[in-house]
Amino acid sequence: AEETMIRSEKLALIGQLAAGIAHDIRNPLTSLKGFVQLLKYKNTDYVDVMMEELEHINYVVNEFMMLAKPHLSHYIDSRVIELVQSVVSFLQPHALLYNVQIQLEMDPEISVITCIPDQIKQVLINVLKNAIESMESGGEIQITCRNRWNQDLIICVKDQGIGISEEKLAQLGEPFFTTKANGTGLGLMVCKRIVEAHGGKLSILSQINQGTTVEIALPINSRYHI
Ligand code: ADP
Ligand code: MG
């Protein structure tokens with residue numbers, strides 16, 4: 001009976017996901033079609049808008065794919081510092097746009113964790129992107145990494161952004177919960193799924209107008225924790 005329940009819950013979730021995805025893909029597509037139509041008569045002024053819409057479709061589809069096939073890759077020993085640094089440099093242009101500075105503090109004692117590196121990078125990208133987008137007039141993000149009891153790696157991403165109210169905090173991680181005009185509301189859900197698949201835990205602490213801290217706890221050697 002429990003299995004049937006989990007199954008029907010999953011089916012309901014898939015239906016919800018599919019409906020939302022279709023909606024999210026249709027809007028930019030309609031817009032694209034209109035602009036392409038115009039290109040028949042004029043020339044390239046609309047290319048920027050077209051690219052933005054394509055970018056959005058791409059983003060939505062990527063997040064959806066992550067939900068659909070989270071188990072395809074292998075766990076390998078990965079250098080944490082390299083994962084974090086590559087994500088920070090990947091998002092540097094986004095941070096500059098928002099006038100945000102990123103500080104990085106790594107405990108030298110942690111070097112390697114067993115994980116699916118691309119998925120952990122995806123988690124860091126989603127969390128860091130949210131942190132950047134929470135600070136409209138700029139500010140600082142602190143990323144810290146430490147070792148807890150030689151068992152878990154704790155990555156904290158702390159921003160000085162708008163924060164999240166208590167009632168919204170309860171909705172985080174639900175599919176399509178977003179407060180952004182162009183948001184998918186899938187980012188945190190993907191993060192939670194990936195972190196849990198690694199035997200870890202993602203938690204969020206926040207205060208309105210003060211900022212938000214996302215804590216990602218990952219077992220240092222996942223193979224022993226799953
Ligand atoms: P999206 O970023 O597409 O909206 P997410 O799942 O990444 O989807 O985030 C869902 C919502 O959670 C955001 O729209 C925002 O309201 C809130 N949120 C997430 N991270 C933060 C943060 N660091 N500061 C403030 N709000 C946040
Ligand atoms: Mg997001």
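Visitor: How do you know that the coordinates can be read at all?

Guide: The model is predicted, and the protein averages a pLDDT of 83. Of the residues, 83% score at least 70. The model also scores ipTM 0.99 and pTM 0.75. Where pLDDT is low, the coordinates should not be read in detail.

Visitor: What makes up the secondary structure of the protein?

Guide: Six helices and seven strands. From the N terminus on, the order is α-α-β-α-β-β-α-β-β-α-α-β-β.

Visitor: Why are E2 and E6 called edge strands?

Guide: Start with the sheet. Five strands form an open sheet in the order E2-E4-E5-E7-E6, with mixed pairing. Strand E2 (100–106) and strand E6 (201–207) each pair on one side only. On average, neighbouring strands of this sheet are turned by 15° against each other, direction ignored.

Visitor: How do you know that E5 and E7 pair?

Guide: Count the bridges. Pairing needs at least two. Strand E5 (residues 152–158) and strand E7 (residues 211–219) are joined by seven, so they pair. The two run antiparallel. Take Lys-158 as an example: its bridge partner in E7 is Thr-213.

Visitor: What makes E6 and E7 a hairpin?

Guide: Seven bridges join E6 to E7, and the two strands run antiparallel. Three residues lie between them. Gln-207 has Gly-211 in E7 as its bridge partner.

Visitor: Why does Asn-209 count as exposed?

Guide: Exposed means 12 or fewer C-beta neighbours. Asn-209 has 8 inside 10 Å, so it counts as exposed.

Visitor: Where does Asn-150 lie, and why does Asn-150 count as exposed?

Guide: Asn-150 is in the loop between E4 and E5. Its phi is positive too, about 60°, although Asn-150 is not a glycine. Asn-150 counts as exposed because it has 10 C-beta neighbours inside 10 Å, and the limit is 12.

Visitor: Which strands does helix H3 lie across?

Guide: Helix H3 (residues 80–97) lies across E2, strand E4 (139–148) and E5. H3 runs at about 175° to E2.

Visitor: Where is the kink in H3?

Guide: At Leu-91, shortly before the proline Pro-93. The kink is about 45°. Just after H3, Asn-99 takes a positive phi of about 60°.

Visitor: Which residues of H3 are called buried, and what do they pack against?

Guide: Buried means 20 or more C-beta neighbours within 10 Å. In H3, Val-80, Leu-83, Val-84, Val-87 and Leu-91 are buried. The buried residues of H3 pack against strand E1 (76–79), E2, strand E3 (112–115), H4, E4 and E5. On a helix, residues three or four places apart point the same way, because there are 3.6 residues a turn.

Visitor: How does helix H4 lie on the sheet?

Guide: Helix H4 (residues 117–133) lies across E2, E4, E5 and E7, at about 25° to E5. H4 has 17 residues and reaches 24 Å, close to the expected 24 Å. Its buried residues include Ile-120, Val-123, Leu-124, Val-127, Leu-128 and Ala-131. Gln-119, Gln-122, Asn-126 and Asn-130 are also among them.

Visitor: How do you know that E1 and E3 pair?

Guide: Four bridges join them. The cut-off is at least two, so they pair. E1 and E3 run antiparallel, and Arg-79 has Val-112 in E3 as its bridge partner.

Visitor: Which residues of E3 are on the covered face, and which on the uncovered one?

Guide: Ile-113 and Cys-115 are on the covered face. Val-112 and Thr-114 are on the uncovered one.

Notes: Residues are numbered from 1 along each chain as its sequence is written. Chains are lettered from A and ligands numbered from 1 in the order in which they are written. This is a predicted model: local features need pLDDT of at least 70, side-chain atom pairs count only at pLDDT 80 or more; totals for chains, interfaces and linings use all residues. Axes are lines fitted to C-alpha atoms, for helices over the stretch in contact, and angles run from 0 to 180 degrees between N-to-C directions. Two residues are in contact if their C-beta atoms, placed from the backbone, lie within 7 Å. The bend at a residue is the angle between axes fitted to the seven residues ending there and the seven starting there. pLDDT is the predictor's confidence in each residue, from 0 to 100. The expected span of a helix is 1.5 Å times one less than its number of residues.
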